[in-house]
Amino acid sequence: MLTSHHAHSQGGSPTALLGGTDHPTPTAPHPAGHVLVVGTPGPRLERLTHTLRATGHDVTHAPPGEAGPRLHQTPPDAVVALDEPAPGHTGADVIREVRTAPAGRALPLLMVTGTPGPTGVADLLRRGADDCISEASDPDELSARIEAKLRRVPVPVEHLLRDPRTGLYSRPHFLDELDRELKRPDAARHHGVLAVIAVAELAALEERLGPRVRREIAERLAAVAEKLGGACDRLGRDDDGHLLMLLPGIDEETAVRGLSALATTAAGTRFVVADENVRLTPAVGWLPLAEAADAADAVDRARDAAREALRHRDLRPVRHAPWMRGTPGRHRRPPLRALLRPALSALSPVLALLLGIGVPFVLYQQAYLAGWDLGSGMYWAVVAGLVLSALLIVLECLYALDAPARPQRPGAPYPAASAVIAAYLPNEAATIVDTVESFLRQEYPGELEIVLAYNTPHPLPVEDTLREIAARDPRLVLLPVAGSTSKAQNVNAAVTRVRGEFVGIFDADHHPAPHSFRHAWHWLSHGYDVVQGHCVVRNGDSSRVARLVAVEFEAIYAVSHPGRTRLYDFGVFGGSNGFWRTDLLARTRMHGSMLTEDIDSTLRTLTTGARIAVDRTLISRELAPTTLTALWNQRSRWAQGWLQVSLKHLRNGLRSPVLTLRQKFGLLVLLGWREIQPWLTLQILPILLYAIWKTGGPGHLNWAVPVCVLALLLTLAAGPVQALFAWRLAVPELRARRGWFWSYLLVSTVFYSHFKNMVARQAHLKEALGDRQWRVTPRTRAAGQTAEAVARR
C-alpha cells in the first residue's frame, strides 16, 4: 500500500492526471481492464475518463449513490473515484457505498483527490480505499497503480478472498474452508450442506462471448445469494464456472428451501454477462456435510448432483445419490419389489375391485355383527356424494354461460412474443412439418419467433426438412435438447432462449388459430399472468374414440374450465395452448418428474399470487387418440398425474395465506373430491350386497325410496345437462355434428363415465406401487390429414 507522502510527492501541472496539455500523451500498451469511474458529471469527470481510456482501460461511469447497483449489474475490475467535497459525494461516502456492496468488497479502489493532504489521505485509506492519487500525478502512474492492484491483493484482511477479481474463494481456498468445517467434531457439524451451482447456458455463452463469462456468471449468482442472505457465509467458484456454497449449521430442509429460493430468484432475473442481457438456469446439486469425509470428494459429489439437475432444468435442488457416480448398485431396486411390480400392475383392475367392493362388504358385514350398522350410514354418504357431484357439474355449466369475455383491446402495445413447441420427434415426425407451417401463418402485429424444442434418440430425415424451413424463415428456431426425456425438459431448455415478453406453449400436434397470440396478449396486458385457451380435436372423423374425445374436449374446455374459473376464481393451465408471461415461466419451470407437469405448474403459480384466465375463444386444434388402448394410456397418465399433484399440493394449498377461501374450496373440489369420487361411486355395489345380505335377499329390499329415486334422477341428469351445454358452447365445426353429442351422451352414461372411474382407481394403485411409466400418445399423418377435413367444415 502506498503511503500518503508518496501519493502527494509527484510533481507536474495541476491538470496533469486529468489531461493537461503540458504533459506527454499517455501510453496504452494493452487493454488494462474494465474500470468503473464514480463521480459527479462535469469537467473533472470527463478529463479523468479521457485519461483512463487513453491508457487502455474500458471505462463506465456511475454518479455517487448509484455505484452499488452498477457494481451488482456489471462488476468492473477496479473502481476509480473522485474525492469531492459536496455532502453525500465525499470520498468517504463513495468508499462506504463501494465496500457495502458485496461485489465491491474485493475490488481495487483508488481515490483521486485534488488536495491530498496527509491527514485526508490517511483517512481515506483507513476507511477502505486501496490507494490515493493526486490529480497532479502522471496519467501513466494512474494506469500503473491500477494494474498493480489487479496483480496484487489489495483488500483489507477481513475481506481477503483468494480470488480478488470475483470476491469469491478460489477452489483451493474453498476446499481449505470446507476441510476445516469437516474436521470439526461430529456433534458440531451434524447440520450443514455443501452445494454446487452450475448454469445450463454456460457452454453456449462461453462459445459466443469468451471465457470471461465463467467468472461473471459466478459473480452474478453470488450476488443473488448474498442479497437473499441466509446461513451461507462462504462462497467460492471453480475454474469451470460453478458457484460453490458452504452452508454450515443448518438442517437439510432449511438449506433446500434457501437453495430453491436462490435458483428461482436467479432464474427470474435478467443478468448482464459480457455486456449481453441473458437469462440463466441454475442447476443446484447438494450434499449433507454429515455424508462428507473428504473436501475434494465432497465437492465432486455435489457437482455430480448438479450435473443431474442440469438434465431437468427445473430449478429444483438435487441431492447426491450414489448412482450418480456410476457406483455399484446404480438404480438397484429390491429384487422382490422389482418382480412383484409388473404382476401387481397387471392385476390392478382386480385389486381395485377387491379393495373397492370386497373389503368394504366384509367391513360392513363384520361391523353389523358387532352391533354397528355402518353400511346404512355409508349408503346415505354415497347418495349425498353423488348428489354433490351432480350439483357441482350443473353449477359449472351455469357459470360457464357468463364466463368473462376477452378484453377487446390490448392494455399495452404488442410486444415480442415466442411460441415454444415441445416435441419428441420420432413420435411427431409425420405431423411436425404441418404444425410448424401452421405457426408460421400466425397473424401477430409484433415480432414472433417459433422455437421448436425437441429431443430425438437418433437423427431423422424430417430434421433436414425443418432446417430448410428455418433457412427460409428466420422466425423458426430449431432447438435440439440433448439428453431430454420429457416435454418439461424441452420447455425448460427453451424458456431461457426465447426473446418474447410472453410465451405460448404447445404440443407438437397443435395448430393454433391465426390470431391466437394477438388475443392472448389482450388478457396478459390487462393484469393476467397466464391464459389457457380452448383445445379442439381436429381428427374426430378418424375413429369413434376420437369422436368421443372431440365432444369430451368441448365439455372440458368450453364448459368445465370456464365454469370452474368463474366459480372458484382461478383457472388451470392445461399443458398446451397456454400463454405465460416469460418472467413467470422462467421462475416456475416444468417439473418432469410429475406426470401432469401442467397442473403442477398451475398450483405452484397460484400459490405465488398469479392470475390465470381461461378463454374458450382462444382456439388451437389438436389430434385425439384414435384407439381405446391409446385413450386408456393417456387418461391413466392424466389421472395418476392429478393424484401426484393432489398429494403434493392440496395440504399446502389449503394452508396458503395467498389463496382466498373461495379458491381453497375450489382446490378441495379439484384435488380432494376428484380423488375420492371414483372410489365413492364404487361403494354402491358393496352397500347393495350388504343390504341384500342384511334383509335376507333381493326380494326384501325396498327399491322405491323417494329420496333415493330423486338422487338417482339428479345424478343421471348431470350427464345430459353437461352434453347440452357442451353442444351450446362448442366451436361451430363441432356444433354442426349433433349426432356426435347424442352419441357422447349415450356412451358416457352407460360406459365412458365408468371407464374414467376405472382409470382413476387403477392410477391410484399404480402410484402406490411406484409405477410411473410415461406412455407416449402416438401421432400419425393419416390422422392429421383426416383432421384437416374436420377443421375446414
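**Notes on helix and strand packing**

1. The axes of helix α24 (residues 661-682) and helix α25 (residues 684-695) come within 4 Å of each other and cross at roughly 25°, which makes α24 roughly parallel to α25 (angles under 35 degrees). Axes are lines fitted to C-alpha atoms, for helices over the stretch in contact, with angles from 0 to 180 degrees between N-to-C directions; helices (H or I, at least four residues) and strands (E, at least two) are DSSP runs, numbered from the N terminus.

2. The model is predicted, so local features need pLDDT of at least 70 and side-chain atom pairs count only at pLDDT 80 or more, while totals for chains, interfaces and linings use all residues. Residues are numbered from 1 along each chain as its sequence is written, and side-chain values use heavy atoms, with hydrogens and water left out.

3. In contact (heavy atoms within 4.5 Å), Leu680, Thr681 and Leu682 of α24 meet Ile684, Leu685 and Pro686 of α25.

4. Five strands form an open sheet of mixed pairing, in the order β7-β8-β6-β11-β12, where two strands pair if DSSP finds at least two bridges between them. Within this sheet, β6 (residues 192-199) and β8 (residues 243-248) run antiparallel and are joined by six bridges, with alanine 195 opposite methionine 245. Helix α9 (residues 212-228) packs on the sheet, touching β6, β7, β8 and β11, whereas helix α10 (residues 252-267) lies across β6, β8, β11 and β12, running at about 165° to β11.

5. Elsewhere, β19 (residues 578-581) runs antiparallel to β16 (residues 502-507), with four bridges, and antiparallel to β18 (residues 530-537), with three.

Terms used: Parallel < 35°, antiparallel > 145°, perpendicular 65-115°, else oblique.
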